[in-house]
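I opened this model to note its fold and a handful of residues, one entry per topic. The sequence and coordinates come before the notes.

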Amino acid sequence: MKADIPHDEAEPKTGLKNPPAGISESQREGVFVNGFICQNCGLHFNLFSWKANRHRADNTYCPECGRRGAFIHYRKMLSDKTYRDENSQDEIFRHVPWPGSQLIGDSVIMASPRKAGR
Ligand SMILES: [Zn+2]
């Protein structure tokens with residue numbers, strides 16, 4: 001099955017949704033973007049989180065070379081809200097997937113228990 005579907009068409013064609021998930025709102029500290037530059041292979045990547053200090057150089061693995069620790073690490077708070085604001089441009093779902101991205105066929109899409117009939 002070809003899954004290269006532009007994001008703006010992904011929801012109506014695949015039923016993909018962005019429901020609030022992950023940590024509970026009581027654990028959320030805001031919206032943070034961590035920018036890492038790997039000193040081993042040079043990869044630059046951004047990692048989004050609802051926790052201010054969850055992702056650090058010593059517990060983050062480079063998605064390119066697999067090493068951890070040797071990063072230049074930047075962080076910016078995008079939102080200080082401890083709840084998901086559907087109208088905010090700073091929520092993580094606004095940034096991922098990147099605008100214009102295509103859904104890739106290796107995606108593992110979990111069916112909800114209700115939809116799966118279990
Ligand atoms: Zn690396």
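**Entry 1, the proline.** I began with Pro-97, which I found in the loop between α2 (92-95) and α3 (113-116); helices here are DSSP runs of H or I with at least four residues, strands are runs of E with at least two, and both are numbered from the N terminus. The peptide bond that leads from Val-96 into Pro-97 is cis, and its omega is near 0 degrees. For context I noted that most peptide bonds are trans.

I am reading a predicted model, in which local features need pLDDT of at least 70 and side-chain atom pairs count only at pLDDT 80 or more, while totals for chains, interfaces and linings use all residues. Residues are numbered from 1 along each chain as its sequence is written. I looked up the confidence next: the mean pLDDT (the predictor's confidence in each residue, from 0 to 100) is 83 for the protein, and 75% of its residues reach 70 or more. Over residues 1-14 the pLDDT is below 50, and this stretch has 18 contacts in the model beyond near neighbours in sequence, a contact being a pair of residues whose C-beta atoms, placed from the backbone, lie within 7 Å. Where pLDDT is low, the predicted coordinates should not be read in detail.

**Entry 3, overall make-up.** I listed three helices and three strands for the protein, and from the N terminus on they run α-β-β-β-α-α. Of the contacts in the protein with a separation of 6 or more, 55% are between residues 24 or more positions apart. I also looked up burial: a residue is buried if 20 or more other C-beta atoms lie within 10 Å of its own, exposed if 12 or fewer, and partly exposed in between, with C-beta atoms placed from the backbone. By that rule, buried residues make up 8% of the 118 residues.

In what order do the strands of the open sheet lie? I read the order as β2-β1-β3, with antiparallel pairing in this open sheet of three strands; two strands pair if DSSP finds at least two bridges between them. The edge strands are β2 and β3, each of which pairs on one side only. From one strand to the next the twist averages 20 degrees, with axes taken as lines fitted to C-alpha atoms (for helices over the stretch in contact) and angles running from 0 to 180 degrees between N-to-C directions.

I then went through the two pairings. Strand β1 (residues 31-38) and strand β3 (residues 71-79) run antiparallel and are joined by eight bridges; along this pairing Val-31 stands opposite Ser-79, and Phe-32 stands opposite Met-77. Six bridges join β1 to strand β2 (residues 44-49), again antiparallel, and there Val-33 stands opposite Phe-48, while Gly-35 stands opposite Asn-46. The hairpin of β1 and β2 has five residues between the strands, and in it Gly-42 takes a positive phi near 90 degrees.

Leaving aside neighbours within four places in sequence, Asn-46 is in contact with Val-33, Asn-34 and Gly-35. The C-alpha atoms of Asn-46 and Val-33 are 6.4 Å apart in space, although the two residues are 13 residues apart in sequence.

Is His-55 buried or partly exposed? I found His-55 in the loop between β2 and β3, and it is partly exposed because 16 other C-beta atoms lie within 10 Å. Beyond neighbours within four places in sequence, its contacts are Asn-34, Leu-47, Ser-49 and Thr-60. His-55 and Arg-75 are 20 residues apart in sequence and 9.7 Å apart in space, C-alpha to C-alpha.

Ser-88 lies in the loop between β3 and α2, and counts as partly exposed because it has 13 C-beta neighbours inside 10 Å. Setting aside neighbours within four places in sequence, I noted that Ser-88 is in contact with Ser-79 and Lys-81. From Ser-88 to Leu-78, ten residues apart in sequence, the C-alpha to C-alpha distance is 9.9 Å.

Definitions and conventions:
Contact = placed C-beta atoms within 7 Å.
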